[in-house]
Amino acid sequence: MSDASAARRRRRRTILRWTLTTVVVGVVGYFFATTLAANWTEVVEQGLEFSWLWVAATALFALAVPFTGLLWARILRWLEPTARVSAREATAVQAASWLLKYVPGQVGSVVNKVLWGGRKSISRMLIVISFVYENVFLQLASIAPSAIILLVSLGPEIFGRNFTLLLLPVLILVPLALVAWKPLFHRAVNFAARRALKQEVPERYFLSTPRALVSAFEFIGPRVLNGIGFVLIAASVAEITPAEWLPFAAAYVLAGAIGILAVFVPSGIGVREAVIVLILGQYIPTTEAIVIALLARLLSTLADALIALYYAAVRRTIPKEIRP
């Protein structure tokens, strides 16, 4: 290949890369801006006074994302011991994937990690499997503890009266939990890989059952941060007792899980708020529950802005050839 031809190919790749970057940033920025603007207007109309609890809640929401990135990197290192993934890389990759949640369907999130893995010479299949583990463990950590807390607090009637919104996520716990069983998950992925890719997936690409259980338990950590942040928001709006802290935290975490399951809705917009109002309405007036849900959406969106700033700062410290 001549030097001129190679130069043209490099220019085309550069143009394509910048075009795709512009499109993705534009889509994410649009959904981010519209979400922020809509919730800002509605919250301002409630006449709320500023509370420092909002600052703490926003910080906790933002902190949960790099925390999740560290747990995902731990899974990746378990699956591929030779993979060198620093804490900075892991949190930067996670931050970028988190911001891409505004692109419906989780496609942007997984593609970001796959492209980063390609630069690190990590198997594409391995990255996808680690992404599946991460999301399954997050869902398990969100649904199982929250369902137990709400069952104890409100009784089974809350699930029976709202079957579609609340009981169905609980029912998917069974297939999600089966991912933690290595033999079954390996066979399922192998079957799909043979059909679609005409190849076998190495058994070493899967967590042992004990490690899967440990990892699933660890993913409760980021959800605890989210729950505490939400309780702080609720306490700034309504008078809630210590007995309501756990149910309120569980309501937010479960609502977030249901929002993620709504894959065609950017960041679960609207779905999460509906679940929050439904559950909190059992404890406080519906009007207060609506204000809390809107305020939580606003502050979680502001937390995404902090995550974007963190990503921009950390990304510059990572070698250019392996930047997410």
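This briefing describes salt bridges in a predicted model. Local features need pLDDT of at least 70 and side-chain atom pairs count only at pLDDT 80 or more, while totals for chains, interfaces and linings use all residues. Residues are numbered from 1 along each chain as its sequence is written, and side-chain values use heavy atoms, with hydrogens and water left out. The structure holds seven salt bridges, a salt bridge being a side-chain nitrogen of Lys or Arg within 4 Å of a carboxyl oxygen of Asp or Glu.

**Arg74 and Glu218**
- The side chains of Arg74 and Glu218 form a salt bridge with an N to O distance of 3.2 Å.
- This pair links distant parts of the chain, 144 residues apart, with Arg74 in helix 2 (residues 52–79) and Glu218 in helix 10 (residues 209–218); helices are DSSP runs of H or I with at least four residues, numbered from the N terminus.
- Arg74 is partly exposed at 32% relative accessible area, and Glu218 is partly exposed at 23%, where buried means under 20%, exposed over 50% and partly exposed in between (1.4 Å probe, protein chains only).

**Arg204 and Glu80**
- Arg204 and Glu80 meet through their side chains in a salt bridge of 3.1 Å, N to O.
- Arg204 lies in the loop between helix 9 (182–196) and helix 10, and Glu80 in the loop between helix 2 and helix 3 (87–99), so the pair ties together parts that are 124 residues apart in sequence.
- Arg204 is partly exposed at 48% relative accessibility, whereas Glu80 is buried at 15%.

- Lys182 forms a salt bridge with Glu203, with the closest N and O atoms 3.9 Å apart.
- Salt bridges that share partners join Arg272, Glu273 and Arg297 into one network.

Key. Helices (H or I, at least four residues) and strands (E, at least two) are DSSP runs, numbered from the N terminus.
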